[in-house]
Amino acid sequence: MKHLNNASEIIYALSSNMVAQIYWLKRCQILRPGHRADGAIARYPDQAGVMPYFSNFAALAMLEEPSCFPLVERYLDWYLRHLEKNGTIRDYSYDSDLNFKTAKPDSEDAYAGTFLSLAFNYCKKAGQTGWVKANLPDLKRVARTIINLMDRDGLTFALAGYRVKYLMDNCEAYRGLADFAELLESLGDRDASYFKSMAEAVANGIERSLWNRLNSCYHPSKTGWIRPGVNLKKFYPDAACQIFPVIYGLIEPGQARGSNLYQLFNSYQPNWLTIKPPDYPWMILGLYACLHGDFGKAYEKVRYAREAYIDTNSGNWFCAEAAFFIITCASLLQNRDKWLFVQ
């Protein structure tokens, strides 16, 4: 076997871009020890709007750098400190003096699910079981937020006051409950089996209610008995939502369904590699390609995003996009032997 001619350059570029974007995310975090706002991760370094759903991804990406573990814990603490009585969390906006205003969250199920997955990954990577044990009551309160949003079909509503069940949200809710159940099991907590059964209920609801057997793809949502038709030529939500069952482990990328969905996505959305401003880059697609072993396309997604968004300082580059850029780079580096070597 031999390296591709420019393999060393690619490795260097991926590593340096990861470091640069982790630094960029660190600049998004409010660090004010002793202040209630300490640990919050904003969408941009120069703006103090905090949407916890996006912040969860930012903190997850920061786990790629061990020196960031204490910063991630500060964010986890910020999140738990700002829980509402029912375990949900609102969006926050801080001014220069850290006075704040709040707004209704975009969703409640996805916020909770991605936070639980973050807590699981923090414990797994940093080995901080002490933090988890100290915060188990609040973590269980977050998990029960998802359960309180579940309907009889197993699917979760986006918000208690907004009775729509989205495929994307439900995939994130499933993963959060499954990760939390695994975390509890590792701690010997007797509630592990309960939360695992709730995760399975969400997974079963997705399969029964959102899988479209006729067209071999997923419905993007369900409202009452109504499931909208699917037009894969429409990027969002119809085509974009198809990636989430693989991203969150509901189906395997190598199995027939996963492979077919990836082929369909590439067929109907051939320009996903070169999404450009003013649209959001959808860096999660880089991770999606990695999961399917399509590392060449994942690398091209990273390379193009750097040129079109990072180098141009586009306003559509925010903490969640930076997060999936980092996670995609990490996957490319971890799997370097699978694509940077040729026979």
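Predicted model: local features only at pLDDT ≥ 70, side-chain atom pairs only at ≥ 80, totals over all residues.
The cut-off I used for a disulfide is a pair of cysteine sulfur atoms within 2.5 Å. I then searched the whole structure and found zero disulfides. Cys171 is likewise in no disulfide, since the nearest cysteine sulfur, which belongs to Cys241, lies 8.3 Å away.

**Overall form**

Next I turned to the protein chain as a whole, and noted that its secondary structure comes to 15 helices and nine strands. Its radius of gyration is 20 Å, close to the 20 Å that the globule rule gives for 343 residues, so I noted the chain as being as compact as a globular protein of that length. Along the principal axes, the C-alpha atoms fill a box of roughly 55 × 50 × 40 Å. I also noted that 56% of the 343 residues count as buried.

**The largest pocket**

I looked up the open spaces next, and recorded a volume of about 820 Å³ for the largest pocket. Its lining is made of 32 residues, and those that lie nearest the centre are Leu60, Asn121, Ile247, Leu287 and Ile327. Which helix gives the most to this lining? I found that it is H4, with eight residues. Helices that each supply at least two residues of the lining include H2 (52-62), H4 (109-126), H7 (167-186) and H14. Sorted by class, the lining of the largest pocket has 15 nonpolar, nine polar and eight charged residues.

**The second largest pocket**

For the second largest pocket I recorded about 690 Å³ of space. It is lined by 28 residues, of which Tyr53, Phe54, Met168, Tyr236 and Trp282 are the closest to its centre. H7 gives the most to this lining, with four residues, while H2, H7, helix H9 (235-239) and H14 each supply at least two. By class I noted 22 nonpolar residues, one polar and five charged in the lining of the second largest pocket.

**The cavity**

I then asked how many cavities of 30 Å³ or more the structure holds. There is one, and the volume of the largest cavity is about 40 Å³. Among the residues that line the largest cavity are Tyr79, Gly87, Thr88, Glu108 and Tyr111, and the whole lining divides into five nonpolar residues, four polar and one charged.

**Helix H14**

I ended with helix H14, which covers residues 319-334, and checked its length. At 1.5 Å a residue its 16 residues should span 22 Å, and its end C-alpha atoms are 22 Å apart, which agrees. Why did I note H14 as largely enclosed by the rest of the structure? The reason is that 15 of its 16 residues are buried.

Key: Residues numbered from 1 in each chain as written. Heavy atoms only, no water. Expected span 1.5 Å × (residues − 1). Buried < 20%, exposed > 50% of the residue type's maximum accessible area, 1.4 Å probe, protein only. 1 Å grid on protein atoms, 1.4 Å probe; cavity = no way out; pocket = protein on both sides within 12 Å on 5 of 7 lines; lining within 4 Å. Points joined across faces, edges and corners; volume = space filled by probe spheres on them. Nonpolar A, V, L, I, M, F, W, Y, C, P; charged D, E, K, R; others polar. Rg over C-alpha atoms; globule rule 2.2 N^0.38 Å.
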